[in-house]
Amino acid sequence: MGLLDGTADGLLHGKVVLVNGGSQGVGAAIARAAVREGAVVTVTGRRTEPGEALVAELTAAGGKAMFVRADLADAEQAKGSVARVVCAYGRIDCLVNSAGLTSRGTLLDTTPELFDAHIAVNLKGPFFAMQAAVADMVARGAPGTVVNIITSSAHGGQPFLAPYVAAKAGLAGLTRNAAHAHRFDRVRINGLNIGWTATEGEDATQRAFHGAGDDWRERAGERLPMGRLGRPDEIADFVVLLLSERSGVVTGSVIDWDQNVLGGLD
């Protein structure tokens, strides 16, 4: 029995973890998994109600958690989320950048405003959150871990995701750059290129931009190799592994977490 069976192995016992964009979807699943594995968790989000509801759920289950309202599109708030954690607990051991903007735009119809919004949430926010977190780790001479939630679309993606792809591809490059820069500080930085996942946000996106009905998940699953979309809890288990010492010396890896194989042709 272990992590993937849903039981606790204490992989993050005593670790101070910040999950930015953690009030719903993949981020919330990561927060739940981190608490289950013994971490003290802070989650951030733009909306107070779901963030506080998640923290209430985690604490009711015996975990230690805190919610910080923050808009990760604002670099100062991104840095401030780390500062709040350090102020509350004296340090930060692990950072997860899970916030994401997926609004649609092609090369031809994307406005400068939409492009800037994607850069702010999907690249600038993670950059400055990482800056603050790694600065704390380096100042203390302590090891730490960062996981950036990216996307398989960063390899090229769909035509209607042009600004999203641009920003997330930048995050993939940043992940490798920062990992290289801080490998001798024993700060390990990795990323996950996640595929199509069944989240609240994806449900809203499918309905708003693609006219999807209540059965869109089932219809989408019929076209996928495993017969279903990915689940947030599955991603969360993988993220916890990367945050923990169980993943060894791995750093600078951007891992394709998907059921489609890049470069495979029929």
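Biologist: Is Asp 136 buried or exposed?

Modeller: Buried means under 20% relative accessible area, exposed over 50%, and partly exposed in between, using a 1.4 Å probe and protein chains only. Asp 136 is buried, at 12%. Keep in mind that this is a predicted model: local features need pLDDT of at least 70, side-chain atom pairs count only at pLDDT 80 or more, and totals for chains, interfaces and linings use all residues. Residues are numbered from 1 along each chain as its sequence is written, and side-chain values use heavy atoms, with hydrogens and water left out.

Biologist: Which side chain does Asp 136 meet in a salt bridge?

Modeller: A salt bridge is a side-chain nitrogen of Lys or Arg within 4 Å of a carboxyl oxygen of Asp or Glu. Here the partner of Asp 136 is Arg 140, at 2.9 Å from N to O. Arg 140 is partly exposed, with a relative accessible area of 31%.

Biologist: How many salt bridges are there by this rule?

Modeller: The count is nine. Among them is the pair Asp 93 and Arg 91, at 3.0 Å; Asp 93 is buried at 8%, while Arg 91 is partly exposed at 28%. Salt bridges also link Arg 228, Arg 231, Asp 233 and Glu 234 in a network.
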